[in-house]
Amino acid sequence: PMFQDVHVMIFIGFGFLMTFLKRYGFSSVGINLLLAAFGLQWGLLLQNIWHLDDGKIKLSIEKMINADFSTATVLISFGAVLGKTSPVQLLIMTLLEITTFCLNEHLAVGVLGASDVGASMTIHAFGAYFGLAVARVLYRPGLRNGHDNEGSVYHSDLFAMIGTVYLWMFWPSFNSAIAEPGTPQLMAITNTYFSLAACALAAYAMSSLVEHKGKLDMVHIQNATLAGGVAVGTCADMNIGPFGAMVIGVTAGVISTLGFKFLSPILASNLGIQDTCGVHNLHGMPGILGGLAGILAALLGRKEHVTPGIQAAALASSLGFALVGGAITGLIMKLPFWGQPADQNCFDDSIYWEVPEDEEEAGESLTQADHSKNKAEA
Amino acid sequence: PMFQDVHVMIFIGFGFLMTFLKRYGFSSVGINLLLAAFGLQWGLLLQNIWHLDDGKIKLSIEKMINADFSTATVLISFGAVLGKTSPVQLLIMTLLEITTFCLNEHLAVGVLGASDVGASMTIHAFGAYFGLAVARVLYRPGLRNGHDNEGSVYHSDLFAMIGTVYLWMFWPSFNSAIAEPGTPQLMAITNTYFSLAACALAAYAMSSLVEHKGKLDMVHIQNATLAGGVAVGTCADMNIGPFGAMVIGVTAGVISTLGFKFLSPILASNLGIQDTCGVHNLHGMPGILGGLAGILAALLGRKEHVTPGIQAAALASSLGFALVGGAITGLIMKLPFWGQPADQNCFDDSIYWEVPEDEEEAGESLTQADHSKNKAEA
Amino acid sequence: PMFQDVHVMIFIGFGFLMTFLKRYGFSSVGINLLLAAFGLQWGLLLQNIWHLDDGKIKLSIEKMINADFSTATVLISFGAVLGKTSPVQLLIMTLLEITTFCLNEHLAVGVLGASDVGASMTIHAFGAYFGLAVARVLYRPGLRNGHDNEGSVYHSDLFAMIGTVYLWMFWPSFNSAIAEPGTPQLMAITNTYFSLAACALAAYAMSSLVEHKGKLDMVHIQNATLAGGVAVGTCADMNIGPFGAMVIGVTAGVISTLGFKFLSPILASNLGIQDTCGVHNLHGMPGILGGLAGILAALLGRKEHVTPGIQAAALASSLGFALVGGAITGLIMKLPFWGQPADQNCFDDSIYWEVPEDEEEAGESLTQADHSKNKAEA
C-alpha cells in the first residue's frame, strides 16, 4: 500500500502539479508519464546492477519503491527546465540523473551510513540543484523578460491544485515508505503530518503578508504548502516530537514563500537561473533545511547511530553530485542536435503535440466561429 | 489504509465537490486545504486535552481518524456559507465548531453510549445544521435574488464531479473506519456500498422525473448520489441486510433530490437560509434520516446494547448542539472586523486570490486580444 | 486494498478516460457512474444466483471484486457507443452484457478451467467485441463524415489524462486482484508493471513516428500507453519474466497506436463500425494478444495445470459470446422506443443534462456578454 501511495504521488502529484502553465498541460502530464515510465525501468536496472544476486535480476516491492524514488529526482529537475527542453533532452537527463542519483545514494546512505528516511537530501535537494545546474547551463537570454505563455489560466491552476492536494495527502507515505516498520514508521507518518499541517498554515499566512492587499497567491499555495514534507524528510523517523516537526514545517513554509516572492526573480535576473516551477523554493531550500535539521537532531541524539558529521557529509555529497552532475548533464543537453525548442516555441504544447485544432491558441479560438459572424455583422 | 481513504475524502472529495462555482474554484480548494490543515491540528489537540495519558500527548492512527472526522464537520458547514465568508471568519468557525463537535460527541457517544459508526448524526446532521444556523445569522438580503457568479460553468461542474466520484468510492471506508474489525467492519462496508448504489439509481431517476423534459441536473448527480452514504451511517454496522441498506439509500436519494429542487428555494426565500452547496439536502436531511433509521434498527434489535431511547437522545443532542452552537458562532462571525466580503464581492476568488490576469473575468477575457483586433477591424 | 484500487479504476479511470469529447463530459462521467452503480448490483445479484449458499445471499470482498470486473466489461463497451446511445439503451446493455459475461466466465474459467488472472480475454476482448458488435448494429450512416462535436478541446483532453494516469497506476492491482496471494500475486504485479512501462515507451515512439513532423497525438498517449496492461493480463501470474512482459508490452503499444492511426478509420468507413473511443485498439486487439500470449505461455509451460487447448477455447468462447451477445443486444437496443438520440444530437450533453446556460455551446458563449457589447460598438 505504501508503494501504491508513492506511485500515486509520482504520477498524479508531480504530473498535475506542473500543469499550471496555460499552454503546456499536455507536455506536463504527458512527458511526466514518459519520463516516469522510462525512469522506473532504468532505476530498476541500475539497482540490479549494483546488487546482483547470483547474476540474476531479483525484484521486490522495496526495489520498486527505490526506483520510484530515483524517478522522483528526475521529475523534480524537470520542474526547473519545464517548457524549455525537448523530450529527447529530457530522456538524456533521465539517464544521467538517475545514474548520478544512484552513485550519490550509494555513497551517502550505503557507504557513509547517513540517515535520510524521507530523502530531503538525496532526493529533494539533489533533484533541485541538479535541475538548477542544468537550467543555468541552458540559460536563455531571450527569455529574460519572460514569455507570453509562461503563466497560468484559471483552469490550469485548478488542475495544478489536484497535484498539490495529492502530494500533500500522500507525503506521510513518501517519508515513511522505507522506514522500519513499527514505531519508526508511525513516527515518520505523524512527524510528516504535523510538519505539513504547520507548513500549510505558515504558507497561507506568509502569502497573505507578502502579497498586495493581503491576497493569496496560487503559486505559493500550490508549492509552499508542501515544503514542510520536504524539510521533515531527513528526521522524519527521529524522535523530534510533534513540536519539533511543526517548527521545521513553519520554517519551511516561510522560507519557501519568501523564496517564490523575492529570491526567484533575483536568481533569474542576476544568476541566469530560470527556474520554471520554482523547484529551488519547494525542493532546494527545504531540502537543505531538512539536511540541517537532520544534523541538529543528530547532535541532540534523537536517533541512535546517527552522527552529525556523517549527516553533514551526506548533505555535502548530495549537493556536490547534484551541481557537478547537473552541469555536465546540461552541457550534454546543450549539444545542438537534441531538438531544443527555439525561444518563441517555449512553454507551448503545439510543437510536440497535435493540439485540438480549435484550441491551438489555448481557448481564444474557441470563439472563432462567433468572431467570424461578428466580423460579418460589423 | 482506512485512514488514508478518509484523508482522501476530506481533501479531494470535499475540496473538489465545492469547485462547481464558476469563479470560486481557488477558494473552494484552497480554503478547504487551509481549514483542513488547521482543523486537524485543533482536533488532535482537543482530543488530547480530553484524554491525557500521564500528561503527555499520545498519537495514534485512531486519533488521527477522529481528527479527520472533526474536520469533516467544518467542511460540511463550509458548504452552507461557501462564497459569503472570509478566511478569517472560517478559521473562527473551525475553532468553535470543532470544540462544539467534541462536546457533543463526548456526550452522545462517550457518555450516553449511542451507536453512530458512520456518524450520520454526530458529523453529517451536526455539520449541516451548524452551518445552516451560521448561514441564517449571516443572512444577506442583498443576495435574495441570487448573484451573477452563483452558478457553474461546464468545466467547473466536471471538477466538482471529481469530488463526487471520490466521495462515492471511499464512503464505505468512511463508514467503516472506526467499526470493530471483523464482521461489523465488513458489514459497514457492504451496507454502505448497497445504500450508495441504490441511492445513485434513485437520484438519477428522481432528477430525471423532476426536471424539464426528463433531463438530468448536474447538481443532483453531484450531491444526491451521495446521500445514501450519509443516511446509512448510523446503522452501517448493524445487521440490517442488503435490502435494508438499499431502502435507506433509495429514501435518501429521493428526499435529497426533492430537497434540491423544491425545499432549498423555499428555505432561501422564506426562512432566510442561503445554503450555497445545499448541505441541508446532502448532509442535513439524510443525516436525520440516518438517525431515525438507527432508532428503528435499535427497536428491531439489529445490534446488541443499542437502545432506541439513547439513539434518539443522541440525535436530539446533535441537533441541539448544532443549532445553538451554530447560532452563537454565527453571531461571533458577524462582528464587523473579520473582513466579511460585501454582497457584490461574494462568490468571487479575486478578493482573496491573485487570479491570473487574463482570466479575472473567468474565461471571458481569454478573448480580449481577439476582441481588440475585432474592434479595430470594426 | 486491492478492491479499493480496482474500484478507483472503474469509477475514476474509466469515467474520466471518456471525458475527452468536448461537449460530452457530463455524460461520460455521469453515465459511467450510473452504469457502474447499476452494474455492481446486478453483477452481485447474478453471482449469488450462481452460487447460492443455503438459499441466502452471502457477501464477500471477492464477490465485490468480481462485480467490479463484470461492470468493467460494460464500461469498455460503453466506450464503443459513447455519444450515440441514450441512458435507457445503456441500462439495457448493462443488464444483457453482465448476464452474457457471467455465462462466458462460468464456461471459460469455471467449467473449462482456463487461466485468465488479469482477464485479457474474459473482460477486455469480451467487452470490446461486445461493444463493437453493438456499434455495428447501431451503425449511423449519417455520421459517416464525422460530427462537429466528435473531438476534444484542450481541457477535455487534460481531464481524460486523469483517467489515463489512474488506470496506468492501478493496473497492477487490477491484474493481481484475484491472483493467489504470495509469489503469483507479486509476479502479477511486477509483470504488469514492466509491460506497462515498456508499452508506454513504445506508444510514445510509435505516436511520434506515425504523426506529422514527429508530434505526439494525445489520443494515442491516452489509450495506447495502457494496452500493455490489457495484453499482459492473461499471463500476468505466469512465470514469463520481466523480458517476456516487456515484449508483450511493446507489441501491445505498437499495434494499439497503429490501430488508432490506420485501422479505426477503415473500420468506420468500410465495415460500418463507429468506435468512438477506439476500444478495439485499447481493449480488443491487446485482449486477443493477451489470449495468444497465454496460449504461448501455456505451450512453454510457464504455469502449472494450464494447457494451450483450454486457453484457446477460452479465447474463442469469449469472442463468440461477445459477438453473438453484442449483436443480439444491439438489435434489442435498436428498438425504436428507448429514446436513441438523433444524429445531430449525438456527442452532446445538452439532450440529457441541464447544461449551465452560458456554456451550452461548450465555452464559445462564455463570451456572449462581451460579444453583445462588441456588436453594439460595431
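How many residue pairs are in polar contact between chain C and chain B? Ten, with both residues at pLDDT 80 or more; a polar contact is a pair of N or O atoms within 3.5 Å, where one must be able to donate a hydrogen and the other to accept it, and residues adjacent in sequence count only if both atoms are side-chain atoms. This is a predicted model, so local features need pLDDT of at least 70, side-chain atom pairs count only at pLDDT 80 or more, and totals for chains, interfaces and linings use all residues. Residues are numbered from 1 along each chain, chains are lettered from A in the order written, and side-chain values use heavy atoms, leaving out hydrogens and water.

**Interface**
- Chain C puts in 49 residues and chain B 45, with contact meaning heavy atoms within 4.5 Å.
- About 4,200 Å² is buried between chain C and chain B, and carbon and sulfur atoms give 72% of that (accessible area, 1.4 Å probe, lost on putting the two parts together, summed over both).
- Salt bridges between chain C and chain B come to zero (a side-chain nitrogen of Lys or Arg within 4 Å of a carboxyl oxygen of Asp or Glu).

**Symmetry**
- Rotating by 120° with 0.0 Å of shift along the axis superposes chain C on chain B, RMSD 0.0 Å (least squares on C-alpha atoms of residues with pLDDT of at least 70 in both).
- That's the relation of a three-fold axis.
- Just 18% of chain C's interface residues are also interface residues in chain B, so the copies meet through different surfaces.
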